[in-house]
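Hi there,

Here is the structure I promised to pass on. Have a look at it first, and then read my notes below.

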Amino acid sequence: RLTYGAGANFLLSVPNGALNFSVLELVRKHMGQLVASHPYLEERAESFSAVLDFVSSAISTITCSIVATPQMMITDNIMAGNYPNLASSVQGLYRSGGIKAFYRGWLPGMMGKIPSYALTWTLF
């Protein structure tokens with residue numbers, strides 16, 4: 001019982017970390033290009049670099065949460081004993097509420113993650 005959901009969690013968590021870093025760097029790159037292309041912004045870049053980092057981090061966090069929330073719903077249901085494995089968890093969740101079933105509780109979790117993760121990446 002201790003390892004229920006571990007396989008699904010491992011299988012699905014690797015892409016989440018890669019996505020987080022990729023999106024963060026992509027958004028930072030594009031925001032940097034945007035600042036560099038406008039003389040007014042470029043002159044003041046140092047004064048709002050932390051804001052750009054915070055916004056980049058928030059966008060990355062939202063993107064990763066959209067991808068990771070279904071994974072968490074699947075693994076949580078396996079760990080709770082609602083379903084015995086990955087396939088039955090996916091089928092059961094979908095049958096119980098369609099795509100929406102994979103995103104139950106997404107918004108409250110997101111509201112907590114954005115400030116936490118954005119501050120982490122801003123100070124990183």
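Let me start with histidine 38, which is partly exposed because its relative accessibility is 37%; the terms here are buried for under 20% relative accessible area, exposed for over 50%, and partly exposed in between, with a 1.4 Å probe and protein chains only. Histidine 38 sits in the loop between H1 and helix H2 (39–43). Helices (H or I, at least four residues) and strands (E, at least two) are DSSP runs, numbered from the N terminus. From histidine 38 to alanine 87 the C-alpha to C-alpha distance is 50 Å, and the two are 49 residues apart in sequence.

Before going further, please keep in mind that this is a predicted model, in which local features need pLDDT of at least 70 and side-chain atom pairs count only at pLDDT 80 or more, while totals for chains, interfaces and linings use all residues. Residues are numbered from 1 along each chain as its sequence is written, and side-chain values use heavy atoms, with hydrogens and water left out.

How confident is the prediction?

The protein chain has a mean pLDDT of 84, and 90% of its residues reach 70 or more; pLDDT is the predictor's confidence in each residue, on a scale from 0 to 100. Among the elements of the chain, the highest mean pLDDT, 94, belongs to helix H4 (residues 86–97), and the lowest, 80, to helix H1 (residues 6–36).

Salt bridges

A salt bridge here means a side-chain nitrogen of Lys or Arg within 4 Å of a carboxyl oxygen of Asp or Glu. The count by this rule is 3 salt bridges. Side chains of opposite charge can pair when their charged atoms come close.

Which residues are linked in a network of salt bridges? They are Glu25, Arg28 and Asp53. Arginine 28 pairs with glutamate 25, their closest N and O atoms being 3.5 Å apart. Both residues lie in helix H1, 3 residues apart, which is about one turn of the helix. An α-helix has 3.6 residues a turn, so residues three or four places apart point the same way. Arginine 28 also forms a salt bridge with aspartate 53, with the closest N and O atoms 3.6 Å apart. This second pair links distant parts of the chain, since aspartate 53 is in helix H3 and arginine 28 in helix H1, 25 residues apart.

Another salt bridge joins arginine 44 to glutamate 43, where the closest N and O atoms are 3.3 Å apart. Arginine 44 is partly exposed because its relative accessibility is 32%, whereas glutamate 43 counts as exposed at 64%.

Helix H3

H3 has 31 residues and reaches 42 Å from its first C-alpha to its last, close to the 45 Å expected at 1.5 Å a residue; the expected span is 1.5 Å times one less than the number of residues. H3 bends by about 35° at alanine 68, and proline 70 follows within four residues. The bend at a residue is the angle between axes fitted to the seven residues ending there and the seven starting there. Just after H3, glycine 81 takes a positive phi of about 85°.

Methionine 73 is also in helix H3, and it counts as buried because its relative accessible area is 16%. Methionine 73 and glutamate 46 are 41 Å apart in space, C-alpha to C-alpha, and 27 residues apart in sequence.

Helix H5

H5 bends by about 30° at lysine 113, with proline 115 following within four residues. The buried residues in H5 include Met110, Ile114 and Ala118. Tryptophan 121, found in helix H5, is buried too, because its relative accessibility is 11%. Tryptophan 121 and asparagine 82 are 39 residues apart in sequence and 35 Å apart in space, C-alpha to C-alpha.

Best wishes
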